[in-house]
Amino acid sequence: MELKSTKDAYGEALLKFGADNSIVVLDADLSVSTQTNKFAKQYPERFFNVGCAEQNLIGVAAGLAIAGKTSFASTYAIFSNRAWEQIRNTVAYDNLNVKIAVSHAGLTNGPDGASHQSLEDIALMRVIPNMRVIVPVDAVETEKVVKTEISNPGPAYIRLNRVKTPIIFDDSYDFVSGKAVLLHEGVDLAIISTGTMVYEALDASKKLKEENVNACVLNIHTIKPIDKDAIIKVAKETGAVITAEEHNIYGGLGGAVAEILAENYPVPVKMIGVKDTFGESGEYRELLEKYCLTSNHIVKSAKAMLEKMR
Amino acid sequence: MGNIRDMDTFKIIEEKAKIIRKHVVNMIYEASSGHPGGSLSCVDILTTLYFHTMYHNPLDPEWADRDRFILSKGHAAPTLYAILAEAGYFPIENLSSLRRIGSMLQGHPNSKVPGVEVSSGSLGQGLSIASGLALAGKLDKKAYRVYTLLGDGECDEGQVWEAAMLAAHYKLDNLVAIVDRNGLQIDGSTEKIMRLEPIAGKWGAFGWHAIEIDGNKIAEITAAIDEAKSIRGRPTAIIAHTFKGKGISFMEWINAFHGRALSKEEREIALKELSE
């Protein structure tokens, strides 16, 4: 299976679609890591490095957007959160065309440790009105997200990864912003996941199948605005939901799904995520193992959940 | 030295500034809340910008070639609204709806108001946004100029200096930052709360052309703005020394008026003084 990081796909997508003169790209001294350096090399006049100054990154991107540009502002996910208030009060409040495309999200910045990992950002962005929150699964989806966002005015937070992850879609994949994708059908329980965890969810569904458990897998690439109907539908069809994300169990995808189900169709929900703690240094796979974010953990939770419901 | 025609112009702007001050007094009185001190200190600067300096069209607020203004010290919103109304962006009658529920005129500038480029109010952000606009102007080879007004207390914000570095680095000579140097911030004197001096030296050290003026004198404001137009390769910072509450004797330099409305009696006296 081909592997590629979503931030590499982002850098390539900017280059691919970057001929459009209205696109500007900004970075805060991390252009090699975020891969905006590819765009910078091809279109130096439309690339602005602001130095390591994230609040200014967002403000300058906003000013360019007011002047009619489509601004892509990139840094690490965690450091973009430093400008949360600028994102709220300027970008989102005025509904500006600023795409905050951030890399090294979740635990994917493994060895750098907790200070450089981002496990709270989905929650932080999800509570801001006007903000779209998008977590692409793989390189193919990332390119389609970038393309879609270029022609979709308004603020968006695009959460990207450092590590190479499996490519699960092919080019024929039809990405629709805000529309969940059913990747695997099943009636026994639903695994609702996002980003890197979608692959783990698919793997879990295969393992469950071997034990005669049919799990459906729903990819929520757009956490906001979320595909409410798709979530209610799988809850109705299965009666049991597991959410899986590389994020704190509070306020992220799990929270969003629970909000919808609690109000519309309450079923048992088990949330898989980082259990309200900071990360630490380690190789990515080691961290996934330690923080219980692998397909095996999903399988274990699924069986325990079904057992309890029996 | 101004010629006679200039002096006539200055007189007209001074008269306009008086009208703006009356609006500000009335608006904050009627709203029962707001920031009269810092709204009054910058009246002369904003009146000069909108009625003398800037190319803009109230009938076409989105005109692509307009000069841009960003009120980074958003708590002076009443002054901006009064000026926009006087300039013809929206009816003067709307001014009395300031801070009322359902009103277009929010307590701090909102971009839904015709003529307001961007929402503001949270300090420290306007210079970054103005820098983005100035970068876009350069990129698009437009002749428009970008002005922004910062409070002096606002210069405590780190983001101001992030943006100051950027504007100098990108040689944004189409950008002018005016600092309303009224010397007071909410908790007291700026020099007591968080020393700013030498403030002009700071801007200079960041690569800006810095000018210090009396920010309540129209002639000095226009001269500084003209000087800024002649500077190539770097942005200009105008440190405009002003009086908080300027124009109303019992409010000048009194910090209690940073964030409280005038009483009925105070309004009467203020309006009388402004009519003299």
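Predicted model: local features only at pLDDT ≥ 70, side-chain atom pairs only at ≥ 80, totals over all residues.
User: How many residues of domain 1 of chain A are in contact with domain 2 of chain A?

Analyst: Contact here means C-beta atoms, placed from the backbone, within 7 Å. On the domain 2 side of chain A, 31 residues take part, and their partners in domain 1 of chain A number 27 residues.

User: Which element gives the largest share of the side of chain A that touches chain B?

Analyst: Let's start with the contact, which takes 23 residues from chain A and 20 residues from chain B. Two or more residues come from each of helix H4 (54–66) and helix H6 (84–92) of chain A. With nine residues, the largest share belongs to H4(A).

User: Which strands stand at the edges of the five-stranded open sheet in chain B?

Analyst: Good one to trace in the structure! The order in chain B is E1-E2-E3-E7-E6, with parallel pairing. Two of these strands have a single partner strand each, so one side of each is left without a neighbour in the sheet: strand E1 (68–71) and strand E6 (209–214) of chain B.

User: Which residue stands opposite B:Asp214?

Analyst: E6(B) pairs in the parallel sense with strand E7 (residues 236–241) of chain B, over six bridges. In E7(B), the residue opposite B:Asp214 is B:His241.

Terms used. Residues numbered from 1 in each chain as written. Chains lettered and ligands numbered in written order. Contact = placed C-beta atoms within 7 Å. Helix = DSSP H or I, 4+ residues; strand = E, 2+ residues; numbered from the N terminus. Pairing = 2+ DSSP bridges.
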